[in-house]
Amino acid sequence: MAKSLRSKVKQAAGRKRRSDSHYAVAEAARIQRLSDKLLAKSESDKEAKAAEVPVAEEGDDAEMKEG
């Protein structure tokens, strides 16, 4: 009869095999690639917001001087 995967020893062995395999290397590379992509996107969003803020303030000041 087949052995159950509920066994803590078998679960631990499976975790060890997953961390030592070539799949772990590929997964780490994928995670790093996605992380870099998200960081670049967040930085570009911050730059876009920073560029918008002074323009909005200048427009408000010009309207206040006229009125």
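**Figure 1. Secondary structure of the predicted model: two helices and zero strands.** Helices (H or I, at least four residues) and strands (E, at least two) are DSSP runs, numbered from the N terminus. This is a predicted model, where local features need pLDDT of at least 70, side-chain atom pairs count only at pLDDT 80 or more, and totals for chains, interfaces and linings use all residues. Residues are numbered from 1 along each chain as its sequence is written, and side-chain values use heavy atoms, with hydrogens and water left out.

**Figure 2. Surface of the protein.** The accessible surface is about 6,600 Å² (Shrake-Rupley method, 1.4 Å probe). Carbon and sulfur atoms hold 58% of this area. Of the 67 residues, 1% count as buried (under 20% relative accessible area; exposed is over 50%, partly exposed in between).

**Figure 3. Salt bridge between K16 and D20.** The side chains meet at 3.1 Å, N to O. A salt bridge is a side-chain nitrogen of Lys or Arg within 4 Å of a carboxyl oxygen of Asp or Glu. The count comes to one. K16 and D20 both lie in helix α1, four residues apart, about one turn of the helix. K16 is exposed at 53% relative accessible area. D20 is exposed too, at 55%.

**Figure 4. Positive surface patch of K3, K8, K10, R15, R17 and R18.** Patch residues have over 30% relative accessible area and no salt bridge, with like charges joined within 9 Å. K10 sits in helix α1 (residues 8-20). K10 is partly exposed, with a relative accessible area of 38%.

How values were computed: Patches are made of residues with over 30% relative accessible area and no salt bridge: like charges are joined within 9 Å, nonpolar side chains (Val, Leu, Ile, Met, Phe, Trp, Tyr) within 5 Å. Lys and Arg count as positive and Asp and Glu as negative; His and the chain ends are not counted. The place of a charge is taken as NZ of Lys, CZ of Arg, CG of Asp or CD of Glu. Buried means under 20% relative accessible area, exposed over 50%, partly exposed in between (1.4 Å probe, protein chains only).
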